Amino acid sequence: MSIIGAVLGVGEVTGAIISTGVKLTVGARQVDDDAASRMVNLMRGRVPQNDGLLLNGITSERIEEGWKVQASAPEPANRIGSTLEDYASFVEYGTANTEAQPFFWPSVNEVLPERELAMRRILEGTET
């Protein structure tokens with residue numbers, strides 16, 4: 001005669017772990033969605049708005065790892081004798097002839113601590 005022992009409830013534990021993982025993933029995605037949107041809005045509010053190219057060139061895009069936020073402002077193609085340059089970095093960092101008008105990194109630096117706090121809340125289960 002054989003002696004058989006069983007552990008019951010492993011399926012329930014596995015299900016709870018999977019459910020928790022899904023909730024964490026959904027919550028983290030929402031935090032990242034909100035952070036990317038907030039960065040874009042802050043950047044757009046901080047740019048000097050001469051012709052709208054830089055303003056409209058501030059975008060976010062969901063990528064596999066999360067979000068990509070970028071600022072791009074190529075010069076118009078119809079300028080004669082001018083090479084096409086993306087002047088977003090000239091605005092952010094300045095040039096020999098123009099003062100820096102930072103809009104990108106101040107916005108990122110403002111939002112990232114907020115994002116970190118929201119992620120901590122998700123992990124601690126204090127935010128849904």
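**Figure 1. Glutamate 110 and its salt bridge to arginine 38.** In this predicted model, glutamate 110 counts as partly exposed, at 30% relative accessibility. Its side chain meets that of arginine 38 in a salt bridge, 3.1 Å from N to O. The pair links distant parts of the chain: arginine 38 sits in helix H1 and glutamate 110 in helix H4, 72 residues apart. Arginine 38 is partly exposed too, with 33% relative accessibility. Both residues belong to a network of salt bridges that also takes in Arg46 and Glu114.

**Figure 2. Aspartate 32 and arginine 115 form a salt bridge.** The closest N and O atoms of aspartate 32 and arginine 115 are 2.5 Å apart. Buried or partly exposed: which describes aspartate 32? Aspartate 32 is buried, because its relative accessibility of 17% falls under the 20% cut-off. Arginine 115, at 29%, counts as partly exposed.

**Figure 3. Arginine 62 and aspartate 33 form a salt bridge.** Here the closest N and O atoms are 2.7 Å apart. Arginine 62 belongs to strand E1 and aspartate 33 to helix H1; the pair links distant parts of the chain, 29 residues apart. Arginine 62 is partly exposed, at 38% relative accessibility. In total, the structure holds seven salt bridges.

**Figure 4. The hairpin of strands E1 and E2.** E1 covers residues 58–63 and E2 residues 66–71. The two strands pair in the antiparallel sense over six bridges. Two residues lie between them. Which residue of E2 is the bridge partner of glutamate 61? The partner is lysine 68. Along the sequence, the chain follows the pattern α-α-β-β-α-α, with four helices and two strands.

**Figure 5. Glutamate 92, buried without a salt bridge.** Glutamate 92 is found in helix H3 (residues 88–93). What is the nearest side chain of opposite charge, and how many Å away is it? That side chain is arginine 46, 8.7 Å away. The side chain of glutamate 92 instead reaches the backbone nitrogen of tryptophan 105, at 3.1 Å. Beyond its neighbours within four places in sequence, glutamate 92 is in contact with residues including Ala100, Gln101, Phe103 and Trp105. Of the 128 residues of the chain, 25% count as buried.

Notes. Residues numbered from 1 in each chain as written. Predicted model: local features only at pLDDT ≥ 70, side-chain atom pairs only at ≥ 80, totals over all residues. Heavy atoms only, no water. Buried < 20%, exposed > 50% of the residue type's maximum accessible area, 1.4 Å probe, protein only. Lys, Arg positive; Asp, Glu negative; His and termini not counted. Salt bridge = Lys/Arg side-chain N within 4 Å of Asp/Glu carboxyl O. Polar contact = N/O pair within 3.5 Å; in protein donor to acceptor, adjacent residues only side chain to side chain. Contact = heavy atoms within 4.5 Å. Pairing = 2+ DSSP bridges.
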